[in-house]
Amino acid sequence: MFNMSCKQRLNTIGIEVPSVILPKTASGAWPVIACDQFTQDRDYWEKAKTAAEGAPSTLNMIIPEVFLSDENISQRISDIHLTMKKYLSDGTLEKPRLGFIYTERDTPYQKKRRGLIAAVDLEQYDWQPNARPLIRSTEGTVAERLPPRMDIRRGAPLELPHVLLLIDDDSAEGNDSDCLLPRLGEFAQKKSPVYDTQLMMDSGSVKGWFIDSENEISFITEKLEELFRRSVTRYNCEKPFLFAVGDGNHSLAAAKGIWEEIKAAYKGEGLPEHPCRYALAEIENIYDPAIQFEPIHRLVFDIDYDGIVSLLSALPGFSCQSFKSAEELAEAVRQPFDGNLFGVICGGRYALVSTNLGGIATASLQPLLDEYAKNDPLLIEYIHDEAEVLRLAVGKNAGILLPPVQKSGLFDTVARLGPLPRKSFSMGHSAEKRFYFECRQLI
């Protein structure tokens, strides 16, 4: 296996070698997309339910966020905890195996997106805006959204990860093979995958390989230590900054909340030894060409065309131009501009709103939306795909298309300024989001 020295060194930089549990049969019904996708599309989840019917599936161990406001939520939480216990006892799941998992994902848009499944130390993560821990949020966290997620994790026998963590791993020589994940890919090609399956709803496919030899663990340790040391000088910050939360921040924050509860209830000295101190996550490299940042668009409820344009008129250097079609508007929003562009769709009318304020588009937009929805946060919804915004922007629902997002400079910006406004970017389209697959036991 691997020596204890590597384990201790990894613990120092926020990583624990996880005990991973896989299904005995990894059919296409088992993996299901992250619960925080298609939050305005119950039809998607009904189709997923049909696709998974009659087979073991991670769908039976999660609650899609579209259903979190339903009246029967307590019963659903109880049901998924019972399902977890059943899968642990009836032979659905393999025995735990100690090691990392290297993954390769083909999506409908990109090929060979690489990742590494690891457990991260929640003691080295903090979502508070002024915190500067080793594992940092890239976007603002809405505390009011944490309680239902914590209810699901509290007392759950298993966790299933959809959190994506980014590392800033370029090579001084520009040689891709010097980076952590491509080298792990070379190791993986010398062994058989432990899973290789298609993903439901035309979302591509995924393969996974166990990475657990002494040589492989040593390489991971050395490479992450190198990135750890480099982070202080690279971002000119006092404290190391190794991981940026790219997706699933609220889920990671919920895990942190449960860990804090466990610590508070512990009467001994020091930190308790408990699996809830850690959370499974997939580590990806921000420079991976298969990772494309996409904007997260806005849907504003209970407002008409004139109202949404009036709301946006508070943007610095505001200008508004009418368009004849959604297609022309969407193309205009994607054009380079010295400032920021927003596409407005409401009541069959289309407008391009511009502001002379540059930088992250959400920095100027989100405060206006927060003010509009200050008495009812549910008046704002966050939509990942352009086509979905166009579908939903009907009646008194106003859609706001955001401009493209550049991933270069993300680490430096977060290191200097802290988290960006919430829902500032998405790592790919909805169909590219992480699918649940691996499990880890919590109790």
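# Exercises on a predicted model: contacts, rings and enclosed space

Arginine 97 lies over the face of phenylalanine 210, 4.0 Å from the ring centre; a charge sits over a ring if NZ of Lys or CZ of Arg is within 6 Å of the ring centre and within 35 degrees of the ring normal. The model is predicted, so local features need pLDDT of at least 70 and side-chain atom pairs count only at pLDDT 80 or more, while totals for chains, interfaces and linings use all residues. Residues are numbered from 1 along each chain as its sequence is written, and side-chain values use heavy atoms, with hydrogens and water left out.

## Exercise 1. Serine 218

Determine in which helix serine 218 lies and whether serine 218 counts as buried or exposed.

Solution. Serine 218 belongs to helix α6, residues 214-234; helices (H or I, at least four residues) and strands (E, at least two) are DSSP runs, numbered from the N terminus. The relative accessibility of serine 218 is 18%, so serine 218 counts as buried (buried means under 20% relative accessible area, exposed over 50%, partly exposed in between, with a 1.4 Å probe and protein chains only). A polar atom of the serine 218 side chain lies 2.8 Å from the backbone oxygen of glutamate 214. Serine 5 is 213 residues from serine 218 in sequence, yet their C-alpha atoms are 9.3 Å apart in space.

## Exercise 2. Aromatic rings

Classify the ring pair of phenylalanine 38 and tyrosine 44.

Solution. The structure holds ten aromatic pairs. In the pair of phenylalanine 38 and tyrosine 44, the ring centres are 3.9 Å apart and the planes stand at 10°, so the pair is stacked. The criteria are as follows: rings of Phe, Tyr and Trp (its six-membered ring) pair if their centres lie within 6.5 Å, and planes under 30 degrees apart count as stacked, over 60 as edge-to-face and the rest as tilted. Phe38 and Tyr44 form one aromatic cluster with Trp45. Tyrosine 44 counts as buried because its relative accessibility is 8%.

## Exercise 3. The largest pocket

Describe the volume and lining of the largest pocket.

Solution. On a 1 Å grid over the protein atoms alone, a cavity is a set of points where a 1.4 Å probe fits but cannot get out, and a pocket is an open set with protein on both sides within 12 Å along at least five of seven lines; lining residues have an atom within 4 Å of a point. The largest pocket has a volume of about 720 Å³. Its lining comprises 26 residues, with Arg145, Pro377, Leu378, Ile380 and Glu381 nearest the centre. At least two lining residues come from each of α4 (146-153), α10 (361-372) and β20 (380-383), and β20 gives the most, with three. By class, the pocket lining has eleven nonpolar, four polar and eleven charged residues.

## Exercise 4. Two cavities

Solution. The largest cavity, about 400 Å³ in volume, is lined by 25 residues, of which Ile152, Arg153, Leu160, His162 and Ser251 lie nearest its centre. Helix α7 gives the most to this lining, with four residues.

Key:
A polar contact is a pair of N or O atoms within 3.5 Å; within protein, one must be able to donate a hydrogen and the other to accept it, and residues adjacent in sequence count only if both atoms are side-chain atoms. Grid points are joined across faces, edges and corners, and a volume is the space filled by probe spheres set on the points. Ala, Val, Leu, Ile, Met, Phe, Trp, Tyr, Cys and Pro count as nonpolar, Asp, Glu, Lys and Arg as charged, and the others, Gly among them, as polar.
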